[in-house]
Amino acid sequence: MSIDLTALFSKTARAVRPSAIREMAKHAAEPGAISFARGDPAPEIFPVEEFYEGTKVLLERGREILQYGNTAGYAPLADFLCGWLTPRMGRTITREQLLITSGSGQVCDLLVRATVDRGDFVIVEEPTFLGNTNSMRVAGANFITAPVDEQGMVLDGLPEKIEAVQRAGGKISFIYTIPTFHNPAGVTMSLERRRQLVAIAQKYGILIMEDDPYRFVRFEGDDLPSLYELDGGSGVISAGSFSKILAPGTRVGWCVGPEAIVRIMTTLKQSVDSSASVVSQALVAEYCRSGRLDAFLPKIVANYRRKRDLMEAALRRYLPADEAQWTCPSGGFFIWITTPRIKTDDLIKKCLERKVVFVPGEPFYPNGGGEHSFRLCFTFATPDQLDAGIRVIGEAIRELTPVTAQA
Ligand SMILES: Cc1ncc(COP(=O)(O)O)c(C=O)c1O
């Protein structure tokens, strides 16, 4: 008798959805495709040779590096991060406040494991990064959503929503926000909003998860203090990653936060993967400790600023201004486009026929919505592709524009 394998699936497995980003990325792999889909860095600037030089650490410390590692992180990388983050987070970061993870996506997964029981609530922006709402969903979280505007998360009405949940005896596990160069919306939370959000969280006793992997990819304007800094570090867990500032193949991320949360997340991580890959952490540590990370950041910024400019120029050139609005990010990877009278599904079909790939807005709305929006990543495509791909999107929008509007 054969086993009905799908009948074995847990509720968690049934709740999980394939990532829309990865689904679209399949089309991006087709020959001749132009991809604005996945948030991939530009492969042409990966510091391959410099990274390779760090492999000598295997000869120097191989017996330690090839062994199981500390769950909290490989010591030389943890020391580097404590030193590197201290001025950037506005307070001394100790090893007890740091956890090195297998990508920063794991920070959210561990925080969910640490704080979410089925039926609990998480406050998220709308739209928000779908990779992380997926881990909240499979844990059975309910979503309280707050819209996003040019200043980041809109806080009007949030206290009332919190009070309603708390009055009914519900638990709000945390507020999840991407304050800087938002994925997918491209906007950055203003200093005033940051202060207000921290004040709201403190007033109602709610933890904040600040997901900040794009903070150091800033094209213009001044760096803003993290929520972690504004709060004083007791009610915010702040996640960072080497994915967007070095290479995502390293799968090394981190978080800093209150010791009690970091400790429980570390304990939970023991049964997830024991530790982030020690080999990978060691290579990242070698690269960073030689001062190369700080030298590499301006190269990333220059490359992506140019690509952002090229994509924006192409959007202005090819998209009918009255049919499409878009955000102008001062950093990060993404531009968010809204086409109020055109359904993104129709647009995607037309663009896929012409091998131009991007991610629809809907999966970024955990409670539904976003049918007239989509996300474009500008970092991965070549300059020629940026122009050619946006031209295709512009043509498709014109073809789909209702005839009455064209008259
Ligand atoms: C907002 C946000 N958080 C987390 C991640 C996951 O990054 P990592 O590669 O560090 O797991 C991404 C990746 O695109 C992201 O955009």
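User: Which residue stands opposite Phe374 in E14?
Analyst: Pro360 does. This is a predicted model, by the way.

User: Which strands does that pairing belong to, and how many bridges are there?
Analyst: Strand E13 and strand E14, residues 373-377, are joined by two bridges. The two run antiparallel.

User: What does the whole sheet look like? What's the order?
Analyst: It is an open sheet of four strands, in the order E10-E11-E14-E13. The pairing is antiparallel.

User: Which strands stand at the edges?
Analyst: Strand E10 (325-326) and strand E13 (359-360). Each has a single partner strand, so one side of each has no neighbour in the sheet.

User: How many bridges join E10 to E11?
Analyst: Two, and these strands run antiparallel. In that pairing, Gln325 stands opposite Thr338 in E11.

User: And E11 to E14, how many bridges?
Analyst: Five, again with the strands antiparallel. Ile337 has Phe374 in E14 as its bridge partner. Phe374 also stands opposite Pro360.

User: How many residues of E11 are buried?
Analyst: Four of the five in strand E11, residues 334-338. The strand is therefore largely enclosed by the rest of the structure.

User: Which residues of H15 are buried?
Analyst: Leu386, Gly389, Ile390, Val392, Ile393, Gly394, Ala396 and Ile397.

User: What covers them?
Analyst: The cover includes helix H13 (292-318) and helix H14 (344-353). Strands E1 (34-35), E12 (356-357) and E14 are also among the covering elements.

User: Now the largest nonpolar core. How many residues, and which have the most contacts inside it?
Analyst: It has 104 residues. Phe36, Phe242 and Ile393 have the most contacts inside it. Ile393 is one of the buried residues of H15.

User: Which element gives the most to this core?
Analyst: H13, with ten residues.

User: Where does this core lie relative to the domains, and why?
Analyst: Between them, because domain 1 and domain 2 both give residues to it.

User: What other core lies apart from it?
Analyst: One of 24 residues. Leu99, Val116, Ile237 and Ile261 are among them.

User: Why would such residues gather inside at all?
Analyst: In soluble globular proteins, nonpolar side chains tend to be buried together.

User: What are the domain bounds?
Analyst: The domain assignment gives domain 1 as 5-47 + 294-406 and domain 2 as 49-290.

User: How far apart do their C-alpha centres lie, and how many residues does the contact take from each?
Analyst: The centres lie 24 Å apart. The contact takes 36 residues from domain 1 and 39 residues from domain 2.

User: Are Cys82 and Cys255 buried or exposed?
Analyst: Cys82 is buried, at 9% relative accessible area. Cys255 counts as buried too, at 0%. The cut-off for buried is under 20%.

Terms used: Residues are numbered from 1 along each chain as its sequence is written. This is a predicted model: local features need pLDDT of at least 70, side-chain atom pairs count only at pLDDT 80 or more; totals for chains, interfaces and linings use all residues. Side-chain values use heavy atoms; hydrogens and water are left out. Two strands pair if DSSP finds at least two bridges between them. Buried means under 20% relative accessible area, exposed over 50%, partly exposed in between (1.4 Å probe, protein chains only). Contact means heavy atoms within 4.5 Å. A nonpolar core is a set of buried Ala, Val, Leu, Ile, Met, Phe, Trp, Tyr and Cys residues joined through side-chain atoms within 4.5 Å. Domain bounds come from an automatic or database domain assignment.
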